[in-house]
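Colleague: Could you take me through one part of this model in some detail? I would like to look at it together with you.

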Amino acid sequence: MSASDKKQIKVGILGATGTVGQRFIQLLSNHPYFVIHALGASERSAGQQYGKVTKWKLNTPIPENIKTKIVQDCKPDAEGFKDCGVVFSGLDQSVAGEIEEAFRKAELIIYSNAKNYRRDPLCPLIVPLVNPSHLSIIPHQKKTLGLEKGYIVTNANCSTTGLVVPLHALEKAFGPLETVMVTTLQAISGSGYPGVSSLDILDNVVPYIGGEEEKIEWETNKILGGFKDESSPTDFDLHINEDKKLKAINVSATTTRVPVIDGHTGIVSVKFSTSTSPSIEEIEKAFRDFKCEAQELNVPSAPPQAIVLHEAQDRPQPRLDRDLHNGACVSVGRVRKCNVLDVKFVCLIDNVRLGAATSSIMNAEIAVEKGLIV
Ligand SMILES: NC(=O)c1ccc[n+]([C@@H]2O[C@H](COP(=O)([O-])OP(=O)(O)OC[C@H]3O[C@@H](n4cnc5c(N)ncnc54)[C@H](OP(=O)(O)O)[C@@H]3O)[C@@H](O)[C@H]2O)c1
């Protein structure tokens with residue numbers, strides 16, 4: 001029997017009123033594996049109807065059955081959470097650490113968008129189109145913490161996600177990368193609601209996003225790394241350990257905020273480890289032919305193409321391309337020779353869908369197929 005024939009799994013959403021939480025609700029409102037059961041947010045919202053406390057910003061209406069649902073406190077014993085097979089978190093990072101830990105301690109399964117556990121050596125950091133194999137560390141996490149069922153899985157920073165999908169396609173086709181330089185042009189929705197004030201962002205570019213460059217530079221190596229011992233997944237090889245099996249990729253990032261509502265663009269230059277680099281035609285073919293495990297498993301959120309390669313010289317563009325495959329793919333274009341490194345290209349991701357909610361959901365769908373959520 002396939003997972004889709006099974007009974008739907010009840011899910012909770014923490015941070016349900018926020019930018020990422022709203023996408024969770026939209027994407028989960030008619031889902032073949034999951035059914036929304038419990039919603040949590042801050043004490044400002046708890047105890048009130050979802051439709052009354054949420055500044056809904058999506059262009060589809062709040063699902064009728066969600067409008068009148070009562071928002072709970074983000075506590076594991078608040079109504080509904082104990083019955084959930086998985087709890088998705090779109091919590092603000094200032095509170096995610098403690099709340100997610102309390103849920104895990106209460107033997108609940110958390111799939112989180114927050115940064116708090118991304119660097120934890122027990123927690124996988126998973127981009128579903130790249131490294132779902134890292135889910136294999138979950139038994140070790142549970143055993144180490146003395147838990148039977150509870151665990152935490154994280155997904156990456158939104159710009160990192162848009163970057164590592166094409167980087168993974170290149171490593172798969174041509175072997176390890178040596179250097180990656182990336183400059184991002186990030187959408188306003190990336191910092192949640194209400195985000196940067198209109199007087200600061202209209203007619204402007206802000207050349208600084210706190211903490212963002214470090215996230216891209218560090219997370220890329222955990223995601224593209226493996227385990228020190230693949231037969232016994234207990235320690236990640238982050239490309240940066242002393243006894244490194246894989247050489248670290250040198251990543252240098254500059255991040256900027258631009259007046260775009262949704263969609264982070266990355267301007268990327270890459271150097272391969274090999275002495276001769278592949279041709280532009282070979283690189284374009286690697287992007288075009290890229291296939292991943294989420295597609296092989298045929299999970300509901302997997303896009304038909306993980307990478308959409310654009311031929312037109314002026315694409316990808318956020319307004320025109322962020323909705324491709326329901327925001328679940330990465331767009332790549334302008335692949336050309338780099339006079340300093342080997343190749344350069346432009347990539348684009350929907351920061352709130354594949355950059356956040358869609359990744360969490362796809363990670364959980366893969367976990368259902370692997371028997372890690374029942
Ligand atoms: N936006 C993106 O593109 C994006 C992409 C990747 C990852 N992320 C990450 O995803 C998370 C959510 O981001 P967002 O953009 O959705 O932020 P947001 O719009 O500011 O929403 C934050 C959510 O956290 C809740 N919250 C705040 N303080 C709380 C508290 N003390 N207790 C319980 N709940 C509390 C808020 O509830 P109230 O409404 O009740 O205040 C709201 O539901 C962050 O960790 C962010 O870094 C965001």
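This is a predicted model: local features need pLDDT of at least 70, side-chain atom pairs count only at pLDDT 80 or more; totals for chains, interfaces and linings use all residues.

Colleague: Which residues in α6 meet which residues in α9?

Modeller: Residues are numbered from 1 along each chain as its sequence is written, and side-chain values use heavy atoms, with hydrogens and water left out. From α6 come Pro-166, Ala-169, Leu-170, Ala-173 and Phe-174, which meet Glu-282, Ile-283, Ala-286 and Phe-287 of α9 (contact means heavy atoms within 4.5 Å). By class, that contact has eight nonpolar, no polar and one charged residues (Ala, Val, Leu, Ile, Met, Phe, Trp, Tyr, Cys and Pro count as nonpolar, Asp, Glu, Lys and Arg as charged, and the others, Gly among them, as polar). Helix α6 spans residues 158-174 and helix α9 residues 280-289; they pack at about 115°, with axes 9 Å apart (axes are lines fitted to C-alpha atoms over the stretch in contact, and angles run from 0 to 180 degrees between N-to-C directions; helices are DSSP runs of H or I with at least four residues, strands runs of E with at least two, numbered from the N terminus). The two helices are therefore roughly perpendicular, a term for angles of 65 to 115 degrees. Helix α6 also gives two or more residues to the lining of the largest cavity, as do β7 (177-186), β11 (264-272) and β14 (343-349). That lining divides into five nonpolar, six polar and no charged residues.

Technical notes:
Angles under 35 degrees count as roughly parallel, over 145 as roughly antiparallel, 65 to 115 as roughly perpendicular and the rest as oblique.
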